[in-house]
Amino acid sequence: MLNELLLLWSEQPAISLAVWLSVLVTVLYLAREPAHLLIKSTGRAIYRFMRSAARAVAHIEQRAIHRNKEIILAQGREATEKFIEREFTRINEIVARDLSHYPNLHRELTDAIERLENDYQAATDAPPLPPEWLSVVQTISELPRQGDPVVSSILENIQDEVVTAHEETLKAYQKSSAERHRLLGALQPQWRALANKLNKTKDVVAITQERADAVDKHMANYEAIRDHEDHIARSLTASSLTQFFIAGLVLFVAVMGGLINFQLIAMPMAEMVGGNTYTGGFKTSDIAALVIIMVEIAMGLFLLESLRITRLFPVIAQMDDKMRKRMMVISFSILFILAGIEASLAYMRDLLALDREALKQSLAGVSALNAEFRWIPSIGQMVMGFILPFALAFVAIPLESFIHSSRTVLGVLTVAVLRTVIISLRLVGGFAHQVSKMLVFGYDMLVTVPLSMEKWVRQGVQARRDRDIETTRQYPIEPYLPLEDADEIQEETVTVSEKPKRPRKRKTPDLDTDLALDKS
Amino acid sequence: MKILLVSLALATLALTLSACGQPQPTNKAVFLLVDTSGTYTEELNKAQGILNYLLATLDSGDSIAVARIDSGSFSEKDVIAKATFDERPSMANDQKRVFKHDMDQFVATIKTGSAHTDITGAILQAAEYLQETGAGEKYVLVFSDLAEDLQKGHIRDFPLELNGIQVIALNVTKLRSDNIDPRDYLNRLALWQKRVMDGGGHWKVVNDFDRLDRLIAINAMDEI
């Protein structure tokens with residue numbers, strides 16, 4: 001068919017092809033103007049459509065950004081409220097524990113100070129002085145005796161009395177000094193006790209101050225969140241992304257633990273539910289093992305939820321304390337029972353492995369060997385079977401972080417995807433616009449020959465016309481004509497030669513309104 | 001719109017139901033035929049090794065049977081032992097021990113070979129058993145030199161029905177006459193291959209016991 005068409009004009013393919021080309025070029029030349037319009041309008045239509053689509057997606061992107069900000073700020077607000085609440089609880093505990101005894105402490109301090117003051121006063125009491133008349137007596141006793149034995153005896157007696165009185169005074173002074181020293185010595189532990197109490201009070205005040213600083217910091221964050229400040233939103237987003245990756249890593253570790261757990265109980269499960277029954281293409285024993293692991297994780301979730309460590313289920317969080325404690329006990333009991341079942345299954349697995357190994361050796365004709373320390377892996381498997389369920393129970397904590405942070409991560413990813421879509425749409429639109437221009441030029445290249453011919457013809461016609469006008473100007477021809485005709489020709493000549501040249505209109509550039517808007 | 005939604009719901013339900021349909025059985029059934037004719041009894045120790053390999057390979061839910069090939073093999077009397085392993089692994093292990101014990105006893109008691117060799121009858125007997133098991137994979141292991149020697153009056157020249165059954169010839173020993181003209185051996189193998197293939201079965205020959213793992217592509221013992 002194609003060959004027949006090709007050879008339609010001539011038996012010679014080259015000639016026929018040349019004719020076809022000529023026909024094609026002619027048709028293209030004739031359809032040049034509408035073809036240009038078609039290509040340009042198509043390009044512009046694609047361009048405008050893409051720009052409109054990009055604007056629509058940009059609108060969605062803005063909404064997504066706004067939503068992400070709202071979510072992250074809401075999460076941040078909730079977290080900050082929890083922080084502040086916790087800090088206030090701590091301050092309350094400190095006040096209740098340490099500062100509630102402040103009246104007692106104050107009384108103790110006052111008593112201690114009073115005792116110290118009294119003791120101090122007691123320590124500063126002066127010892128009793130010798131009586132005033134003693135100096136008179138001493139003066140008399142020191143009078144000259146003048147050989148009178150009676151007087152001498154009296155004076156000696158007086159002197160003895162004076163000496164005795166001095167000695168008694170000295171003894172009293174010494175006793176008083178000892179008493180003062182004792183009182184001053186007793187002051188030391190009281191000072192120390194007082195200093196200790198004041199130090200403790202200082203520590204309590206310092207801790208309270210520290211907590212108060214933390215509260216101030218969280219309050220500043222809270223105010224920033226309330227004011228929808230961008231820097232806090234960025235900070236919270238970064239924190240959320242970090243949480244996402246950390247929680248993801250911990251969840252991956254938990255999944256690995258779950259797989260080990262599965263391997264531990266899948267095989268002995270065949271003893272309970274059969275090893276050759278299938279449910280939906282999977283071994284029933286494998287499904288049963290998976291169900292046990294899932295139930296353990298679910299019980300762990302409920303347990304941590306009842307303990308108010310996680311907040312995945314508002315229903316549990318809203319329960320009254322009595323019901324919550326019941327739920328805690330029930331979920332822990334089920335978890336404990338399942339851990340016990342797992343431990344027994346792990347032991348059964350070990351027994352089955354031993355039995356299988358013995359059979360294998362028997363089939364191979366090898367006598368069974370009693371391996372030493374075989375109990376170690378048995379105990380290890382049992383312990384692992386018991387511990388892993390409890391370890392898996394704690395998966396609730398990273399799971400909660402993962403779920404909460406995944407909202408932010410998904411939002412960020414959505415915005416990134418939307419931005420990529422916007423850029424792609426704009427690129428495609430611009431590319432279509434440019435391609436349409438290129439196609440116009442390409443089209444003209446296909447019809448270069450007739451276009452060149454047209455150009456030559458136009459130039460020839462224009463040149464002849466110019467020559468005629470010039471000739472008419474230089475050598476005006478005055479043919480012999482009737483007067484009326486001559487006037488008409490004269491008018492025509494004047495009209496042609498003196499026709500005022502119209503100022504060439506400047507072609508208005510074809511501006512792209514969208515681009516212009518974008519640039520503005 | 002309502003009709004469209006109902007149609008969509010029905011289509012989803014149909015897809016779900018079809019996905020939850022009865023799964024194809026994945027268990028295996030193996031029937032080991034042991035030639036007890038003539039001097040082939042000397043090869044019975046090898047048959048024991050193959051049986052041990054099978055017992056180690058097969059798992060819960062699989063079936064196994066052992067029968068001897070003698071003068072008239074299309075009979076239940078020739079079945080030495082058969083078992084379908086329990087779903088519980090511990091019970092399956094006990095069954096394997098019992099099975100091995102039965103086979104050991106059979107090998108110990110057999111002294112002289114049968115006068116004739118009815119391989120066709122034995123294969124028919126095996127095919128009947130395997131079809132009854134409804135297993136997903138069915139194997140007939142023929143431990144013989146494949147030289148059939150029928151008793152007078154026995155009719156065995158009819159097509160075999162072996163749809164979905166893999167027939168594996170094991171330890172096909174060369175006869176003295178094969179050494180004189182090896183074409184006899186090749187013709188014998190070709191004849192049995194043709195009969196099995198015409199009956200809808202698959203044919204394979206394994207003479208090298210170091211490649212027993214190619215018999216059945218499972219490794220149940222490696223699961224632990």
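Modeller: In this predicted model, chain B holds 6 helices and 6 strands, where helices (H or I, at least four residues) and strands (E, at least two) are DSSP runs numbered from the N terminus. Their order along the sequence of chain B is α-β-α-β-β-α-α-β-β-α-α-β. Residues are numbered from 1 along each chain as its sequence is written, while chains are lettered from A and ligands numbered from 1 in the order in which they are written. Local features need pLDDT of at least 70 and side-chain atom pairs count only at pLDDT 80 or more, whereas totals for chains, interfaces and linings use all residues.

Of the 224 residues in chain B, 35% are buried, that is, 20 or more other C-beta atoms, placed from the backbone, lie within 10 Å of the residue's own.

Where chain B meets chain A, the contact takes 18 residues from chain B and 17 residues from chain A. On the side of chain A that touches chain B, helix 7 (230–273) and helix 10 (321–363) of chain A each supply at least two residues, and helix 10 of chain A gives the most, with 7 residues. That side of chain A divides into 7 nonpolar, 6 polar and 4 charged residues, with Ala, Val, Leu, Ile, Met, Phe, Trp, Tyr, Cys and Pro counted as nonpolar, Asp, Glu, Lys and Arg as charged, and the others, Gly among them, as polar.

Notes: Two residues are in contact if their C-beta atoms, placed from the backbone, lie within 7 Å. A residue is buried if 20 or more other C-beta atoms lie within 10 Å of its own, exposed if 12 or fewer, and partly exposed in between; C-beta atoms are placed from the backbone.
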